[in-house]
Amino acid sequence: STLNSQLSTLNPMHRISELPSLPARPADAHKGTFGRVLVIGGSRGMSGAAALAGMGALRGGAGLVFLAVPSELVPIVAAIEPSWLTVPLPEDDHGRISTEAQLELNDLIPRYTAIAMGPGWGQSDDLRNLARWLYSTIEQPLVVDADGLNLLAKMTGILADHPGPRILTPHPVEFARLSGKDASEVRSRREELAVEFARAHGVVLVLKGRGTIVTDGDRVAVNETGNAGMATGGTGDVLTGLIAALLAQGMEPFDAARLGAHLHGLAGDLAAEELSQPGLIASDVARFLPRAWKRLGG
């Protein structure tokens, strides 16, 4: 096929193996130097998803992290970690972000350097409209995960229509929904389909799993860190926040995604060494991110 021939001619400069430089940490920096991350997430029963994304953003080096969650979740989320700030959003009768949140977010979003959406959202018509609006209008880098991806999969016609960088972080089943492919085909042709999708929609795709593939449709990197202990709920939320933090520090989207994937897997490897793979939970990955940074010289 044409795609196969394109892939077979990828030259070494397109297949990336070296990690990018770490974000600079100037000695005279202040919290504004390292950007402001907004995580839009959570719903009744899924406050943890927003919190784990927030922890990934904090441990990823962002200067300020804000969690915008349904108002009933604010006391819960605020109690988990005092280092982030909370933004209460209007909610529907089921504890999900409601359509009225768009007005508040419209005023808030210009203040942030990078935005993450989707962790713990659930699904509703209001959220589908919110996903469409965020994806197609905001100019800042936007990381989309979890239910954000599932909602966008129902309106794939808009995926190539965006005014700013977009980083999508699906696992294989989510990617099958996004791409309209069968899950078995995704598993057998992961790299081909990831490159094709990223190129067609002008996005950076992080196709998670063993050997996570990061591509912008031109460059391809295969991540070699991580282990089966990370196959547990919430680890993807940590990755979402981590990538958003790297974007907030000024990293180019493809570089932010592949450094984020590497750090995330390395933190999981370091955690598993100490805690075991079966005993690993998502918050351990966030907790071991500082050791992963140190391993890379950060």
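Visitor: Which residues is Ala160 in contact with, leaving aside its neighbours within four places in sequence?

Guide: Ala200 and His201. Contact means heavy atoms within 4.5 Å. This is a predicted model, with residues numbered from 1 along each chain as its sequence is written, and side-chain values use heavy atoms, without hydrogens and water. Local features need pLDDT of at least 70, side-chain atom pairs count only at pLDDT 80 or more, and totals for chains, interfaces and linings use all residues.

Visitor: Where is Ala160 found?

Guide: In the loop between α6 (147–152) and β6 (166–168). Helices (H or I, at least four residues) and strands (E, at least two) are DSSP runs, numbered from the N terminus. Ala160 and Ala200 lie 40 residues apart along the chain, with 7.1 Å between their C-alpha atoms.

Visitor: Why does Ala160 count as partly exposed?

Guide: Buried means under 20% relative accessible area, exposed over 50%, and partly exposed in between (1.4 Å probe, protein chains only). Ala160 has 48% relative accessibility, so it counts as partly exposed. Phe34 has 9%, so Phe34 counts as buried.

Visitor: What does Phe34 touch, not counting residues up to four places away in sequence?

Guide: Its contacts include Pro26, Gly61 and Ala248. Phe34 sits in the loop between α1 (2–8) and β1 (36–40).

Visitor: How are two packed helices described?

Guide: By the angle between their axes and the distance between the axes. Axes are lines fitted to C-alpha atoms, for helices over the stretch in contact; angles run from 0 to 180 degrees between N-to-C directions. Here, α2 (residues 47–59) and α10 (residues 235–248) have axes that come within 6 Å and cross at roughly 40 degrees. That makes α2 oblique to α10. Angles under 35 degrees count as roughly parallel, over 145 as roughly antiparallel, 65 to 115 as roughly perpendicular, and the rest as oblique.

Visitor: Which residues of α2 and α10 make the contact?

Guide: From α2, Ala49, Leu52, Ala53, Gly56 and Ala57; from α10, Asp237, Val238, Gly241, Leu242 and Ala245.

Visitor: How many aromatic pairs does the structure hold?

Guide: Two. Rings of Phe, Tyr and Trp (its six-membered ring) pair if their centres lie within 6.5 Å; planes under 30 degrees apart count as stacked, over 60 as edge-to-face and the rest as tilted. The ring centres of Phe66 and Tyr112 are 5.0 Å apart and the planes stand at 75 degrees, so this pair is edge-to-face. Both Phe66 and Tyr112 are buried. Phe175 and Phe197 also pair edge-to-face, at 5.4 Å centre to centre and 80 degrees between the planes.
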